[in-house]
Amino acid sequence: MSDICSSSAPDWMLSLLVPLHGSQPQAGAHALATALAKTTWRRLQQACQDDGQFADLCVALAGMELQEWPTTAAWWCPELGMAMAHFRRGRLRDSVLFFLLAAHGAGVSGEWELPLAQAQRLSFAGNLFNAEGRVKARCHQGRLQLWVLAAPAAALCWQRAGARWVLESGQEASPICQLASGAALQRPGFEDKMVQSWTLPSSYQSGDDPEVNWPPSLPEPELGHDWRTQVAMQASDALGLLGELHPNYLPWCQPLLRGIAACKVPNPQMLISGSYRTHAGMLTVGFPVQLPLLAETLVHEISHQYYSLLSLAVPLIDKQVATGLYYSSFKRKHRPLEKILFAFHATANMAFYWHRVLQQSGPWQDLADRELGKLVGYIGSLAQTLRDAPGLSPTGQACFALQSTMLLERGLSLTELAPH
């Protein structure tokens, strides 16, 4: 992302990585996400031109060039995540299709028609639908019309209402597309964040970074819109708790949160959450979950979202130096240094969250004390590795130093964090 790339770490970057630091300027998140989209567009356009077999893709992408692109964090979305994933796999047709949907979701107008390589499930603005044959779209003045040109043809239409795309009346009745509309969060300023059903993949328990595609397959029958609406209410309450704890939390959550991919946990005591670049902006979370733990999960996973976006623009690790594997107390296995910093960054932010909970009067003091105690142990081990191992970039070092200082200031003193 040459539009943004820098070897230094200005304060606005650190404010994005650490929610309780600084004033949370949203402009940085909007600029980073837009730069990533532009870089992806250029790479797609060049790849299609170089191949010579994708004239229709070149035409569709060229149409984007004629538009004034909005600078918005809405570009950080699962459609862009899948566009990048398909590009890495050499699947240009699928990559372009998902990129076009991401562009319209961010507010870019355009008109195109493309054949699909195979029948597949697609997504737009938190809504999931099936498509096969050919797909045609026209996006103009905040209205997206999309036709699935299989036999029989089906049409979907969305109208932009503020930051949210709303399905026009009658869309639920289309059986061809098997449309699953997302349930919107009700917290003011978060109405464009959508909840969708998600099934825990078998790869969740194996491997550090499973490749999980978006959108998910059709949900289990009992996970219908009413269940998604209930999850949306719980997530709205969790955001409310964060807003009560610190004024920085909601403006920090808002830019990169597209929604929640919610699954049922097999055991009420089981905590499940995850972030995947293919799900950019969508946090995978297991329900039911206790309110303060859900709020912690939002802090945890949105930390990962910022880390993932920023690491695409600015190196946090010098990969020429950091070549070994190091023990992660959080995952209980050896991992690359990048994953050690990844874990420390989110774990420290979670510790700051529980520290704020302890400072408030409420019913969760014992829970906060227990959770903070567990996190401090992880933080100490991870911090020791980061202090000893070479390979942090200047930005990675700045993030580590800032969080270490903030932990010490809050009385979470560890010898591993003390200056040498």
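Colleague: How much space lies in the second largest pocket of this predicted model, and which helix gives the most to its lining?

Modeller: In this predicted model, the second largest pocket holds about 410 Å³ of space, and of the 25 residues that line the pocket, the closest to its centre are Ala74, Gly105, Ala163, Asp192 and Arg258. At least two lining residues come from each of α4, α5, β7 and α7. The lining divides into 14 nonpolar, five polar and six charged residues. With four residues, the element that gives the most to this lining is α5.

Colleague: How far apart are the end C-alpha atoms of helix α10, and what span should its 24 residues have?

Modeller: Helix α10 runs over residues 365-388, and at 1.5 Å a residue its 24 residues should span 34 Å.

Colleague: Which elements do the buried residues of α10 pack against?

Modeller: The buried residues of α10 include Leu367, Leu372, Leu375 and Ile379, where buried means under 20% relative accessible area. The elements that the buried residues of this helix pack against are α8, β13, α9 and α11.

Colleague: Is Gln141 buried or exposed?

Modeller: Gln141 is found in the loop between β4 and β5, and has a positive phi of about 50° although it is not a glycine. Its relative accessibility is 66%, and the cut-off for exposed is over 50%. Gln141 therefore counts as exposed.

Technical notes:
Residues are numbered from 1 along each chain as its sequence is written. This is a predicted model: local features need pLDDT of at least 70, side-chain atom pairs count only at pLDDT 80 or more; totals for chains, interfaces and linings use all residues. Side-chain values use heavy atoms; hydrogens and water are left out. On a 1 Å grid over the protein atoms alone, a cavity is a set of points where a 1.4 Å probe fits but cannot get out, and a pocket is an open set with protein on both sides within 12 Å along at least five of seven lines; lining residues have an atom within 4 Å of a point. Grid points are joined across faces, edges and corners, and a volume is the space filled by probe spheres set on the points. Ala, Val, Leu, Ile, Met, Phe, Trp, Tyr, Cys and Pro count as nonpolar, Asp, Glu, Lys and Arg as charged, and the others, Gly among them, as polar. The expected span of a helix is 1.5 Å times one less than its number of residues. Buried means under 20% relative accessible area, exposed over 50%, partly exposed in between (1.4 Å probe, protein chains only). Contact means heavy atoms within 4.5 Å.
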